[in-house]
Amino acid sequence: MKQSIIIFISLLLFSCSQKEKAFDSFEYSFGGTFSELYSLKFTENDTVYVYQEWIRRNFDDSISQPKSKTQYYGIINLKEKSKLYDYIGRVNLFKYKSEYYEDYLDGSLYALEIKKNNKTKTILVHSHEVPKELDSISDWIGNIKKQLVLKETEKHINYVTSNLVFPPPPPSPPIKNSNN
């Protein structure tokens, strides 16, 4: 009997500690016409990497954080991390279409990429007709980004979703021929 109780408790503790991960990798990029362009990558621990491509500033503001074209990291608190993991686990991003797109020039655009169990799903959103679960995740991530205490880092992070959201660089200016 005593041995049965020990086995039961051991199995209970083991099953509680084996909570399924919501994702192996989760990334998000956002572009707002008149606000900012950035990417975030959530890790398995509490570190969130943020690349700030561009942020709107007043002309007299040259020292505030975050700065454009800068890589940062921040620490997400356990409560917010649990909310994200739980919500993404419930929503199941793999069931959504890969693109929600309307052809208009301004507004916001965002992309999500989730990897889990050797499956990858990328979702691009530039539409007013989008499932509320996707917009909820986007809003939540935007709020978390505002709360993070960002510290610059030299670590290079590849953000796949930034290719979908960030504009391409402008073309090089034409080379003038000095012989003319």
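Me: Before we start, what makes something a polar contact here?

Reply: It's a pair of N or O atoms within 3.5 Å, where one must be able to donate a hydrogen and the other to accept it. Keep in mind that this is a predicted model.

Me: How do you know that the side chains of Ser29 and Ser39 make a polar contact?

Reply: Their distance is 2.5 Å, and the cut-off is within 3.5 Å, so the pair counts. Ser29 has another such partner: its side chain and that of Thr161 are joined by a polar contact of 2.7 Å.

Me: Why is Ser29 called buried?

Reply: Ser29 has 0% relative accessibility. Among the residues Ser29 touches are Tyr38, Leu109 and Val165.

Me: What makes strand E2 largely enclosed?

Reply: Seven of its seven residues, 36–42, are buried, so the rest of the structure largely encloses E2. Glu36, Tyr38, Leu40 and Phe42 point one way, while Leu37, Ser39 and Lys41 point the other, and all are buried. In general, side chains in a regular strand alternate between the two faces of the sheet.

Me: How do you know that E1 and E2 pair?

Reply: Pairing takes at least two bridges, and E1 and E2 have six, in the antiparallel sense, so they qualify.

Me: What makes E5 and E7 a pair?

Reply: Three bridges join them, and they run parallel; with at least two needed, they count as paired. Tyr101 stands opposite His126 in E7.

Methods: Residues are numbered from 1 along each chain as its sequence is written. This is a predicted model: local features need pLDDT of at least 70, side-chain atom pairs count only at pLDDT 80 or more; totals for chains, interfaces and linings use all residues. Side-chain values use heavy atoms; hydrogens and water are left out. Buried means under 20% relative accessible area, exposed over 50%, partly exposed in between (1.4 Å probe, protein chains only). Contact means heavy atoms within 4.5 Å. Helices (H or I, at least four residues) and strands (E, at least two) are DSSP runs, numbered from the N terminus. Lists of a residue's contacts leave out its neighbours within four places in sequence.
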